[in-house]
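Subject: Structure handover: salt bridges and a cavity

Hello,

Here is the structure for you to look through.

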Amino acid sequence: MKALLLKGPKSLSIVDRPLPVPGEGDVLVRVRAAALCRTDAKMWHSGHRDLALPRVLGHEVSGSIDETPGKLYALWPGKSCGSCSACRKGRQNLCPDMQITGFHRDGGFAEFLTAPRSSLLEVPDGVGPVNATLAEPLACAVHGVRQVGVRPQEKVLIYGAGTLGLLIALVCRNRGASVVIADPDALKLSKSKDLRNRLGISADTGGIGEGGCVDVVFNATSAYETLEAGVCRLSAGGRFCLFSGIGKDATIPSGLFDELHYRELEVVGSYGCTFDDMGEAIRLLSCYTEGLQFLIERRIRLDEVPSVMDAVHVGKGFKYVIC
């Protein structure tokens, strides 16, 4: 089979490999589509805490298996131990022995991969292989919204109008919250106009956003300025969801801690997703598939991946999908 192997920083090459052999509890999956995530591009550029090289990347994957022809599956990219404290609490994404497809084990930038049978979720008819790759990022959005506990009628501000910012907005609106999404990139916002109009999502091209207080803020961007700006926009008792990392060199103003203290604000982290989050994401995806098709920026071949990694790394456009 053909696979795209990452050997080191910016070192991607097509290789011929034998078909992978499924281990106990695993199944051989024929990859139908695999999307490029900005995390994939960061791993290509400079590595990642959870990355073991050499590695076939790709954790946003849809595929099929021979024993159930005609059925399409989305892959929850995790494999947790099932017995640790985090797993027993339903927080498999925090399992210390987590094995992530595309990080610890080979992923979807190949013709085949092996995956735990228990990590496959059937995709409803009508979604299709390409749109099914949105299930994993949508599950991450579901996870973030669950983490911070968005409620009906609450006011939510989201920094970043990329794929994940828009998916967070969709999940929040599905919960009955009022949503404003802020991004200085007017072109990116214009591409989501139809979806935003359909769902009633307001836009702020100022980027950082100015206006009244909100109940919840998400940073779907690594711009560290959004942390201070977002905390200052929160009402007393509000919550900030640290959905994206803000970089190692970010300086956090000391006054920010006074805001947290005196106004009883909460900062909640969100990382990855659980199997249950994937199930909810697939349910939402089946409802909103047509409205989300604009998020597929371009369909590419496996050998075209190296040529688009720079664009993905800087956040240009939406989703590039190998199919």
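Asp26 counts as buried because its relative accessibility is 14%, under the 20% cut-off. This is a predicted model, so please read every value below as computed from it.

Asp26 has a salt-bridge partner in Arg105, with 3.1 Å between the closest N and O atoms. The two residues lie 79 apart in the chain: Asp26 belongs to strand β3, and Arg105 to the loop between β8 and β9. Arg105 is buried as well, at 14% relative accessibility.

The loop between β8 and β9 also holds Asp106, which pairs with Arg17 in the loop between β2 (11-16) and β3 (26-35). Arg17 is partly exposed, at 27% relative accessibility. Asp106, with a relative accessible area of 25%, is partly exposed too.

A further bridge joins Arg117 and Glu67, whose closest N and O atoms are 2.5 Å apart. Arg117 sits in the loop between β9 and β10 (120-122), Glu67 in the loop between β5 (60-64) and β6 (73-75), and the separation is 50 residues. Is Glu67 buried or exposed? Glu67 is exposed, because its relative accessible area is 52% and the cut-off is over 50%. Arg117, at 42%, is partly exposed.

There is also a network of salt bridges, made up of Arg298, Arg301, Asp303 and Glu304. Over the whole structure, the search finds 17 salt bridges. As background, side chains of opposite charge can pair when their charged atoms come close.

How many cavities of 30 Å³ or more does the structure hold? The structure has one, and the largest cavity contains about 40 Å³ of space. Its lining consists of Val29, Val61, Ser62, Gly63, Tyr73, Ala74, Leu75, Leu113, Ala115 and Leu120. Strands β5, β6 and β9 are the elements that each give two or more residues to this lining. By type, the lining has eight nonpolar residues, two polar ones and no charged ones.

Regards

How values were computed: Residues are numbered from 1 along each chain as its sequence is written. This is a predicted model: local features need pLDDT of at least 70, side-chain atom pairs count only at pLDDT 80 or more; totals for chains, interfaces and linings use all residues. Side-chain values use heavy atoms; hydrogens and water are left out. A salt bridge is a side-chain nitrogen of Lys or Arg within 4 Å of a carboxyl oxygen of Asp or Glu. Helices (H or I, at least four residues) and strands (E, at least two) are DSSP runs, numbered from the N terminus. Buried means under 20% relative accessible area, exposed over 50%, partly exposed in between (1.4 Å probe, protein chains only). On a 1 Å grid over the protein atoms alone, a cavity is a set of points where a 1.4 Å probe fits but cannot get out, and a pocket is an open set with protein on both sides within 12 Å along at least five of seven lines; lining residues have an atom within 4 Å of a point. Grid points are joined across faces, edges and corners, and a volume is the space filled by probe spheres set on the points. Ala, Val, Leu, Ile, Met, Phe, Trp, Tyr, Cys and Pro count as nonpolar, Asp, Glu, Lys and Arg as charged, and the others, Gly among them, as polar.
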